[in-house]
Amino acid sequence: KTKENLYLKKNNREYDKRSKVEYFNYRKKDNREIKLAVYPDSFNNKKNINIFSLSGISKKETILCNENGYWVNYKSDRYGFNNKDVEWDNQSIEYLLLGDSFVHGFCVDEQYNMTSQLKNISNKSVINLSYGGNGPIIQLASLKEFKPKNVKKIIWTYSEWNDLIDITFEFNNPILRKYYSNKNYLQNLKEKQNIIDGIGNKIIEKNNNIYLQLYCSPTFKPYC
């Protein structure tokens with residue numbers, strides 16, 4: 001409650017307490033193409049899959065999260081990451097970022113996330129391959145699949161309290177384990193973004209239908 005009162009005093013507007021499903025279905029009224037972030041770690045326990053997706057849906061406004069009273073959205077790049085798409089066209093990439101939610105951009109507007117801060121400080125190009133929930137093996141896989149050839153420096157952000165746990169789950173996935181055990185292994189995901197987008201859309205639709213059945217009470221009716 002204290003946080004809500006401080007937010008109201010500072011911003012002169014109410015703290016947004018809508019759930020993700022409420023906000024998503026409200027935003028769909030003015031943007032039918034808006035998407036939710038689809039997290040790679042949601043595939044960790046799936047053994048019989050042909051593709052392990054390492055990113056979200058490409059080139060769409062994407063709903064990320066709300067921890068500070070407002071929902072954070074971003075326009076995903078050609079591979080479904082939180083970058084300006086034009087960054088991939090640079091002749092040289094000074095920094096490549098690898099990490100989990102902290103580097104992905106939870107839960108701040110673009111100008112405050114790590115990518116923007118680093119670009120402002122260095123005045124150099126930055127590519128961010130991070131996603132919420134990613135542990136070191138997914139990060140390794142993302143590096144192998146998406147690292148441009150012209151990268152000068154890689155910054156890896158390691159979180160002691162959860163990344164060791166993430167390794168346990170990730171190593172038990174047969175596709176992810178190949179990235180660790182076989183240095184030449186690739187899924188060639190850059191060439192399969194249409195398939196990845198399709199997988200992501202099915203996950204969003206399935207989960208949203210489940211949530212709507214739970215949340216479409218009279219209280220939430222305006223968002224259903």
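Which elements do the buried residues of H5 pack against?

Mentor: This is a predicted model, and what follows should be read with that in mind. The buried residues of H5 pack against E4, strand E6 (151-156), helix H6 (160-171) and H7. The helix itself covers residues 136-146. Nine of the eleven residues of H5 are buried, so the helix is largely enclosed by the rest of the structure. The buried ones are Pro136, Ile137, Ile138, Gln139, Ala141, Ser142, Leu143, Glu145 and Phe146.

Take the contact with H7 next. Helix H7 spans residues 174-181, and its axis lies 9 Å from that of H5. The two helices pack at an angle of about 70°. Angles of 65 to 115 degrees count as roughly perpendicular, and H5 and H7 are therefore roughly perpendicular to each other. The crossing in which H5 passes H7 is left-handed. On the H5 side, the residues that meet H7 are Ile137, Ile138, Leu140, Ala141, Lys144 and Glu145. Their partners in H7 are Leu176, Tyr179 and Tyr180.

Asparagine 44 lies in the loop between strand E1 (35-36) and strand E2 (61-65). With a relative accessibility of 7%, asparagine 44 counts as buried. Leaving aside residues up to four places away in sequence, asparagine 44 touches Phe52, Ile138, Phe169, Glu170, Asn173 and Leu176. Among these, Ile138 in H5 and Leu176 in H7 also take part in the meeting of the two helices. Proline 174 belongs to helix H7 and, at 28% relative accessibility, counts as partly exposed. Proline 174 and asparagine 44 are 130 residues apart in sequence, and their C-alpha atoms are 9.3 Å apart in space.

Tyrosine 79 and tryptophan 88 are both buried. Phenylalanine 81 and phenylalanine 146 form another edge-to-face pair, 5.1 Å from centre to centre with 80° between the planes. Phenylalanine 81 lies in the loop between strand E3 (72-75) and strand E4 (93-98), whereas phenylalanine 146 is in H5, so the pair ties together parts that are 65 residues apart in sequence. Phenylalanine 81 is buried, with a relative accessible area of 0%. Phenylalanine 146 is buried as well, with a relative accessible area of 0%. Ring pairs link Tyr79, Phe81, Trp88 and Phe146 into a cluster.

To sum up, H5 is largely enclosed, with nine of its eleven residues buried. Its contacts with H7 involve residues including Ile137 and Glu145, and Phe146 belongs to the ring cluster.

Note on methods
Residues are numbered from 1 along each chain as its sequence is written. This is a predicted model: local features need pLDDT of at least 70, side-chain atom pairs count only at pLDDT 80 or more; totals for chains, interfaces and linings use all residues. Side-chain values use heavy atoms; hydrogens and water are left out. Buried means under 20% relative accessible area, exposed over 50%, partly exposed in between (1.4 Å probe, protein chains only). Rings of Phe, Tyr and Trp (its six-membered ring) pair if their centres lie within 6.5 Å; planes under 30 degrees apart count as stacked, over 60 as edge-to-face and the rest as tilted. Helices (H or I, at least four residues) and strands (E, at least two) are DSSP runs, numbered from the N terminus. Axes are lines fitted to C-alpha atoms, for helices over the stretch in contact, and angles run from 0 to 180 degrees between N-to-C directions. Angles under 35 degrees count as roughly parallel, over 145 as roughly antiparallel, 65 to 115 as roughly perpendicular and the rest as oblique. A crossing is left-handed if the near helix is turned anticlockwise from the far one by less than a right angle, and right-handed if clockwise. Contact means heavy atoms within 4.5 Å.
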